[in-house]
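Here are some notes to go with the model you asked about.

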Amino acid sequence: MLINSQKLNQTKQAFLLRFQPLLQTQSFYLLGIFTTLAALHLNIVRNHPLESEEITFYVLYWAGIIFLLWQNRQQNNTTTWFSSLLGLGLLFIVIFRPLHLWNLDLLLFRFGPIIAALGLGLISFGFSGIRHNWRLFLLLCMMLFPYSFINGFFDSRLRFNELTATISAFSLHYLGLNAIAQDTFVKLPTGQVEVLYFCTGGILIIWLLKLTLLIIVVIPTLSWRQRLGLISSAVFIGFLVGCIRVALLAVVVNNHSLFEYWHSYKGGGLFMALATISYAALCNWILPLELLYSTEKYDSTAPVIVNKKRILFLIVTWLTIILTTIYLIATKRSLNTSILPDSIALNNWQLVKVKSGNNQKLNTPTDTNAAIVRSQKDYSYLRNDQHLELQMRYLMNTRGESNPFLEQINTNPAKDNQKNIRYVKGIGYYLLYSDAKQAYLTACINPRGGSTVNSAQFMQNRYTYDLTWSRILPWIFGKEILRDNRCIWTQLSVPLNEVADSKVYPVLESFWTNNYATWQSLFLNVN
Amino acid sequence: MLKSETFYNLNSMKTQKPEKLSKKPIEITEAVEKRSFALLRFLGYTLLIFSLIDYVSIFIPLHLTNPLWEFQAMAQMVDHVWSPLLGLTFIFLYNQTSIIQTKQVSILKFLSWFALAIGIFYLLLLPLGINNSLTLYKNINNQFANQQAQQQEQLQKVTEKLNGIKSPQELNNLANSLNLQNEAGSNQSPKDLKNRISQQIQTVAQNTSAAAKAANRQQIKNLVKDAVRINLGTIISGICFITIWNLTVWIRIIEKKY
């Protein structure tokens, strides 16, 4: 026991001996602050409805940022008290706000971290140092950049799905199978698959390109030829693996369970791993590993020692950030997704039945742009033998298009009945249509402004009602959401009973105009 | 030789016009050698450009997974292989006095690797060629079988029709439609006529079937000839390109000194 405690003491001493000089350097505290903020940001990303699948990518980019910071730890920074305090202000304005606001406010999600990073940069490096550390800032901006528009480019401009179908059919044909490519179909004697964009290598290519960008920024000594090689190998591998995947799917299309496995995220993940590993192998060939070691010039003889006040300032900042993070995560309220009440009482109408459902994704499950139906409720009303159905779908992060009610119908009546979009002052736009049995009224209830039918009207509302000067200040201080991208898609329906639809529409319209204000107030439930 | 003579003559015309008495045997100078090799290299690049245009025209429009198109494209590729082969050979033709610019080294190095890539590409075409040959063979046989079946069916129909005919008038009509000459006039009994018609039908059927068989044999012969030519051609061209890559190893190791 005695020996043990002695040994313990010795190790403690040795540890302190190593640790004490570390405490004197600024980089230790900076690393701590950066890591804490990274943890906070990753926590936000993890709970974000749209970005949570991309968390690996965020982790990698944060790792890149911290690696760069570690490399530059010998740098001598001249900070002034002014820049430090300004940075502190910027940083805390951003992080002092409830976490659920980050998930609702896309504008904040994209630009909030940039402002915070600017503040952090001012604290850490000062005005002059921020220019030297532009790589850190660039990495952060690249992390927040919305890459999904590239998908659209690949899809519509490059006809990625046709190309993939042709190449995978050819590779099957090369292997001796009797495969034919027709437009976006790969046809085998045993069956055929249609290649949609989200089955191709487009997503793999974007993932590999993100990795490539990270490598290019983190390793500054690359030649242009190496960079070009990295980018082209990313595109090539992504495309090829996508083709292989489609070919495999075409072969197993008759075996349902196998097809389901390879088509699901599990099988797709295997292909993503395959693509990443082959990319890493190619990377290893393109950039020799010595590159990584050569950049590390460790000079232990001259540790940068900063004065006591600065260290105190950094310690206090770090502790505050840690406490804030703990407080924010501890007091986090989960997003109130069920703002639709169990019953909405309406004068003269008697509520008969309520049906509810939850979380259902629109469009295809792999579509990253799909808005998510957070909750849904159907209410049935009755007045003097007149039935009326009210269906509500609550959506977040939408741009006000793709009406969930119209998507269920194969032939889109909105296209035929463009003229049936009506406008009532003070209420907004709505669409009237009918099928064989029922007449419908449908529109999107906006948090602010009138109801809308399409994306242009929705965004118009956002710009006129949300982006006003009076709302900027509350937004800055974390009280409000600036651009409120929420929407309740509503559909009213009345059975026709063999009456002409134009005679039933007034019933729907009066019901709609009388109750719009009530329904709009549902949005306030979130706070 | 001819070129160098003219070169010499041109020189002499320019410089020594008054005295035309030089009747010495002509000696090839170093400069002449240099120029002729340069000409060959120039020709090599031209051939490469021509073959590039050829290959592009072969591949446009692309009908991948169509066996016939692939087979024909491969045939064309084998037919055109001499131009890149000669082009590459000419480009790498250097003699002792030649000087290679530093810029050229990277181009030559690229072309050397390019030869390897093309060689592998040609070798990879081999399984595809064999596959397509077999598919085409099957297609020809299927087509032949279909044709035979159709003819058999037609024959069946005509025979049935013949058996069903009762009146001599109709029989005569049928004989006329089949271009049977009624040699003995109308005094032939209907039964004889019937026999003659059926005989005639049999011989026609036999003739057409024999012709179809001969045509089928001819098709298969052509196909086998082409298949052997193309598949052997891909192997040989692949090996040629790889040999070019192998023999131009000097340019690939030169680079390291720079």
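**Notes on the two chains**

1. Strand E9 (residues 438–445) of chain A runs antiparallel to E10(A), and eight bridges join the two. Cys444(A) has Trp489(A) as its bridge partner in E10(A). Strands here are DSSP runs (E, at least two residues), as are helices (H or I, at least four), and both are numbered from the N terminus. Two strands pair if DSSP finds at least two bridges between them.

2. A word on the ground rules before going on. This is a predicted model, in which local features need pLDDT of at least 70 and side-chain atom pairs count only at pLDDT 80 or more, while totals for chains, interfaces and linings use all residues. Residues are numbered from 1 along each chain as its sequence is written, chains are lettered from A and ligands numbered from 1 in the order in which they are written, and side-chain values use heavy atoms, with hydrogens and water left out.

3. Back to E10(A), this time with another partner. Strand E6 (residues 386–396) of chain A is joined to E10(A) by seven bridges, again antiparallel, and Leu395(A) stands opposite Cys487(A) there. Strand E10 (residues 487–495) of chain A has eight of its nine residues buried, so the rest of the structure largely encloses it. Buried means under 20% relative accessible area, exposed over 50%, and partly exposed in between (1.4 Å probe, protein chains only).

4. Chain A also has an open, antiparallel sheet of three strands in the order E1-E2-E3. Strand E1 (180–182) and strand E3 (191–194) of chain A are at the edges with a single partner strand each, so one side of each has no neighbour in the sheet. On average, neighbouring strands of this sheet are turned by 20° against each other, direction ignored. Strand E2 (residues 185–188) of chain A is joined to E3(A) by four bridges, and Leu188(A) stands opposite Gly191(A).

5. What lies across this sheet? Helix H9 (residues 160–174) of chain A lies across E1 and E2 of chain A, at about 20° to E2(A). Axes are lines fitted to C-alpha atoms, for helices over the stretch in contact, and angles run from 0 to 180 degrees between N-to-C directions.

6. For chain A as a whole, there are 20 helices and 10 strands, and 46% of the 527 residues count as buried. Of its contacts (heavy atoms within 4.5 Å) with a separation of 6 or more, 70% come from residues 24 or more positions apart.

7. Chain B has eight helices and zero strands, and 29% of its 258 residues are buried. In helix H4 (residues 82–91) of chain B, seven of the 10 residues are buried, so the rest of the structure largely encloses this helix. Among them are Leu85(B), Leu88(B) and Phe90(B). Their cover includes helix H2 (30–59), helix H5 (102–164) and helix H7 (190–247) of chain B.

8. Finally, the interface. The contact takes 10 residues from chain A and eight residues from chain B. About 760 Å² is buried between the chains, with carbon and sulfur atoms giving 64%; buried area is the accessible area (1.4 Å probe) that two parts lose on being put together, summed over both. Leu64(B), Thr65(B) and Leu128(B) supply 63% of the area that chain B buries against chain A, more than any other three residues. Zero salt bridges are found across this interface, taking a side-chain nitrogen of Lys or Arg within 4 Å of a carboxyl oxygen of Asp or Glu as the rule.
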